[in-house]
Amino acid sequence: MGIKNHYFCSMDQLEQETLQSTPLSFEHFREEVLNDYRFACLSREASLLGRKEVLTGKAKFGIFGDGKEVPQLAMAKFFRPGDHYTGYYRDQTFIFATGEATVRQFFAQLYADPDPSHDPHSAGRQMNSHFASQMVDHSGQALDLVNRKNIAAGMAPTAGQMPRAVGLGLASKIFRNIPELKSFEHLSRNGDEVCFATIGDASTSEGHFWETVNAVCVQQLPVAFFVWDDGYGISVPKKYQTTKGSISDVLGGFQKTDGRTGMDIYKLKAWDYAGMCEILESAIEKIRQTHIPALFHIEEVTQPQGHSTSGSHERYKTPERLQWEREWDCLRKMKEWIIGNDLSNEDELSGIESAAKEEVRNEKNRAWEEFQAPIRALISDVLGYIERLTPMEGLESNVQQLLQELRGNREPSRRDVMKALYQSISYSRADPMKQDAEVFYQELRNISAKDFNSNLHIESNDGSALAVPEVQANYSSHPQVMNGYEILNRYFDHLFASNPKVVAFGEDLGYIGDVNQGFAGLQAKYGVNRIFDTGIRELTIMGQGIGLAMRGLRPIAEIQYLDYLLYGLQPLSDDVATLHYRSMGRQSAPLIVRTRGHRLEGIWHSGSPLGMIVNSLRGLYVCVPRNMVQAVGMYNTLLQANEPALVIECLNGYRLKEQLPENLSEFTVALGQPEIIREGNDITIVSYGSILRIIEEAAQHLERLGISCEVVDVQTLLPFDRDHRILESLKKTNRIVFIDEDVPGGAAAYMFNEVMEKQGGYRYLDVAPRTVTGKAHRPAYGSDGDYFSKPNTEEIVQVIREMMAE
Ligand SMILES: Cc1ncc(C[n+]2csc(CCOP(=O)(O)OP(=O)(O)O)c2C)c(N)n1
Ligand SMILES: [Mg+2]
């Protein structure tokens, strides 16, 4: 009997079969069980020691997987190379068992060790148990994901890991269904990959969970949901979290029935090692083959040390509950099961337990040593510099004190060292020693910038959107003139013909080809697997895009109107924007979010909340093309790179006439390069998007009054004017106004700051710089509502006349 089949059997069957089977297979089985027990003990010990490290001050915060070891070992058995995992901070045991993290790495992350060879998952950037496997190379190109166990970078917002499960699962379906993708053998094996998604019982209260379950079930995606039900979300018990107090009961309507969409629902007990292994083997295989999702409600989970190091569970659990948790601890039950089934004895298991203790202690100590060694080396260098400084009169004792503190610091951090060095330098007389120390201090800051501030974006030239060469749009002598939407439509047609990895989806995007017809006719041509409709669910449309992008595809995920981006902003901000940074470049999601906005009419159809967007999406590029040709150039640029971006088309631009470039699929718009769309000498107007047309009207009016405006279209807000072209304009005009349709203090203030502070624009001003923005309230409906809510031509003319008169 093969080992795999053991999980199908009850213990009675197992005993009977093992009697008849070869001793070798029994021995194999025994070894596997004992190896699992060893992992369970290692993981438990890591939790116990981890908590101590925090309580004794060596680490800041700890959150651990004690009580959840056994179900995670069962789950890990069926997680194959090629599969994807998206889970949360409780899953250290699973990650250890899959071989994707070591105990030493676990402690390195707990200490926030910034060395990626110590904490490869996040280089100390993430709290403990936020794991990430290497999924891309330095250029953001997906690696051979089918031969890897893929761990999507962990995140702390509860249920934040859910939306991307939709895309991680959907990719399997897409790879299975699209013949042109069969050749990408490093990304998928016929769509056989399962996405394992874990979540705590209380976090299922989040809308993210419900929307994800629905999206996965509607599309029938190979996702295995695991709910670790320990009855609490920090201190708040299940009865306040979940209707009926049971997530599987309340999800009963999702149960798959013949001929209808749905998922399989299983209830399992966290302490029942054999039962879980038995069910999971066939259940995961079924998901793999059929793409029917499943929910595994793991009940009777305990939490021996409480929620985290921030509190103690004695404050909110009754003595009875605490007693129950001790009795039903999954490790204890697993041990009883092993002994009860004569797979081992007390002695052997105690041996495993003490060996695990010893191993974890040693690994923890090694991790601490590796973390501290460079800091200690740094201190010895820094002490040398400080000792050579000559303090200014009256400040000798201050420097002495800094020296003493640094020498006596038993658990020093880089921060302590930098503070002591900087303060000592500033207290010292100007001499060559001080200069040396200043140079050294600067070097340390540069190193720290690599350690703590790098990798927000892809940093190598290949893969970076900023390195894509600019190719001008070419026009024939008699260019064809078309509506903006027709230009986009023709572009998407070329794109889908030439790049099989691109898929596009959103509300009304498939059958009718989006509300503005950018995709009109293309679903019929390229198929429902590549261009398709989604439910109204912006959050998981984003998650769908994230997961697909992480699996090596090039999704264009549409948000129907910019005003509804808010529904999808959380995963963009928390997940996409931080992904490359928080995994120290191990992962990226080159998702293109397409939307349309700025100016139509009404509170929810003319939004332009670019201040909110640029401030929440650092880590993405934010493109604000003034017309559809510019939008196409930006799509071309982005698709040559491996980075995420948001492209906001002008909602009122689809029916405006534009000239069709000859090289529609080749020309690019360089990101961060403003374009001067009107030359002038008296004032620089900096803006973007739809309002440029109103500005043009104002500029024509002003020209009649003898005022010459230079109009700059910034084209992208992130990045912003990389070569300081606006400054060059300002040097000429000495007057500047920033105009947009956002609220006061929004993106106009952002642009103001960029030009005044970063570019040093204040040096070239003859009059006070100004901003002209929308009102603080949402724009009222109708033409008059628009006129009195958004900047209008007359207001712009008035402000500029005032500036000219100053
Ligand atoms: C969006 C969000 N809200 C609140 C928190 C704070 N928080 C962290 S864990 C947690 C409880 C989660 O409980 P559960 O999902 O049952 O997981 P468990 O920790 O019990 O395994 C809360 C409220 C958070 N991280 N994110
Ligand atoms: Mg819980």
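**Charges, rings and a ligand**

At 28% relative accessibility, Arg148 counts as partly exposed; the class runs between buried, under 20%, and exposed, over 50% (1.4 Å probe, protein chains only). Asp144, at 30%, is partly exposed too. Arg148 and Asp144 form a salt bridge, with 2.7 Å between the closest N and O atoms. The term calls for a side-chain nitrogen of Lys or Arg within 4 Å of a carboxyl oxygen of Asp or Glu.

The model is predicted: local features need pLDDT of at least 70, side-chain atom pairs count only at pLDDT 80 or more, and totals for chains, interfaces and linings use all residues. Residues are numbered from 1 along each chain as its sequence is written, chains are lettered from A and ligands numbered from 1 in the order written, and side-chain values use heavy atoms, without hydrogens and water.

Side chains of opposite charge can pair when their charged atoms come close. Across the whole structure, a search finds 49 salt bridges. One of them joins Glu358 to Arg361. There the closest N and O atoms are 2.9 Å apart.

Charge also meets aromatic rings. The charged end of Lys58 sits over the ring of Trp368, 4.7 Å from its centre. To qualify, NZ of Lys or CZ of Arg must be within 6 Å of the ring centre and within 35 degrees of the ring normal. Lys317 places its charged end over the ring of Tyr232, 5.2 Å from the centre.

Now look at rings with rings. Phe, Tyr and Trp (its six-membered ring) pair if their centres lie within 6.5 Å; planes under 30 degrees apart are stacked, over 60 edge-to-face, the rest tilted. The count comes to 33 aromatic pairs. Tyr88 and Tyr89 make an edge-to-face pair, 4.6 Å centre to centre, with 75° between the planes. Tyr88 is buried because its relative accessibility is 7%. Tyr89 is buried as well, at 12%. Phe226 and Trp228 form a tilted pair: 5.7 Å between centres and 40° between planes. Phe226 has 1% relative accessibility, so Phe226 counts as buried. Trp228 is buried at 0%. Phe226 and Trp228 also belong to a cluster linked by ring pairs.

Tyr88 and Tyr89 lead on to ligand 1. They are among the closest of the 18 residues that surround ligand 1, along with Arg90, Asp201 and Ser203. Each such residue has a heavy atom within 4 Å of the ligand. The shell divides into seven nonpolar, six polar and five charged residues.

Three side chains approach ligand oxygens. Asp201 brings a side-chain N or O atom to 2.7 Å from an oxygen atom of ligand 1. For Asp230, a polar side-chain atom lies 3.0 Å from a ligand oxygen. For His307, the distance from a side-chain N or O atom to an oxygen of ligand 1 is 3.5 Å. On its own, ligand 1 has 580 Å² of accessible area, and the protein covers 71% of that. Accessible areas come from the Shrake-Rupley method with a 1.4 Å probe.

Methods: Polar contact = N/O pair within 3.5 Å; in protein donor to acceptor, adjacent residues only side chain to side chain. Nonpolar A, V, L, I, M, F, W, Y, C, P; charged D, E, K, R; others polar.
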